[in-house]
Amino acid sequence: MHVIYHELLPESYLLILAPGRPGQPESVLARWLRRAQRSGKPSVWVDCGMLDSLSAEAARLLWDTHFQLQEQHAQLVLVHVPERVKRELLEQELGPAPCIVPTLLDAARQAHWHDWSMEA
């Protein structure tokens with residue numbers, strides 16, 4: 001999997017993913033997810049709109065990131081997730097799933113709601 005775009009936004013870190021070559025290790029994805037976690041942002045947005053499928057390794061990395069961010073009182077938000085990618089992610093079901101929203105605008109709303117709920 002390739003990270004074709006990344007941006008440090010005021011309240012989040014955005015990664016946009018694109019398919020890699022089949023069987024290729026997910027080391028690039030792992031490196032970018034770690035960088036996003038270390039950003040200190042309350043939200044990491046991962047745009048999956050260009051993906052057709054998700055490898056088991058990529059799914060595990062997303063789950064791991066989701067749990068690590070929760071420990072930091074932050075959240076992983078998956079955006080533009082095709083049905084097949086969602087199924088492949090949820091097949092690994094390791095607990096409460098990461099937030100999945102249809103658009104980046106919804107991700108921004110979710111991040112705002114998450115910040116508000118953490119203050120309450």
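**Exercise 1. Determine how many helices and strands the protein chain has, and in which order they run.**

Solution. In this predicted model, local features need pLDDT of at least 70, side-chain atom pairs count only at pLDDT 80 or more, and totals for chains, interfaces and linings use all residues. Residues are numbered from 1 along each chain as its sequence is written, and side-chain values use heavy atoms, with hydrogens and water left out. Counting DSSP runs (helices H or I, at least four residues; strands E, at least two; numbered from the N terminus) gives four helices and five strands. Read from the N terminus, their order is β-β-α-β-α-β-α-β-α.

**Exercise 2. Compare the radius of gyration of the protein chain with that of a compact globule.**

Solution. Begin with the rule, 2.2 Å times the number of residues to the power 0.38, the radius being taken over C-alpha atoms. For 120 residues a compact globule would come near 14 Å, and the 13 Å of the protein chain agrees with this. Along the principal axes, the C-alpha atoms fill a box of roughly 45 × 25 × 25 Å.
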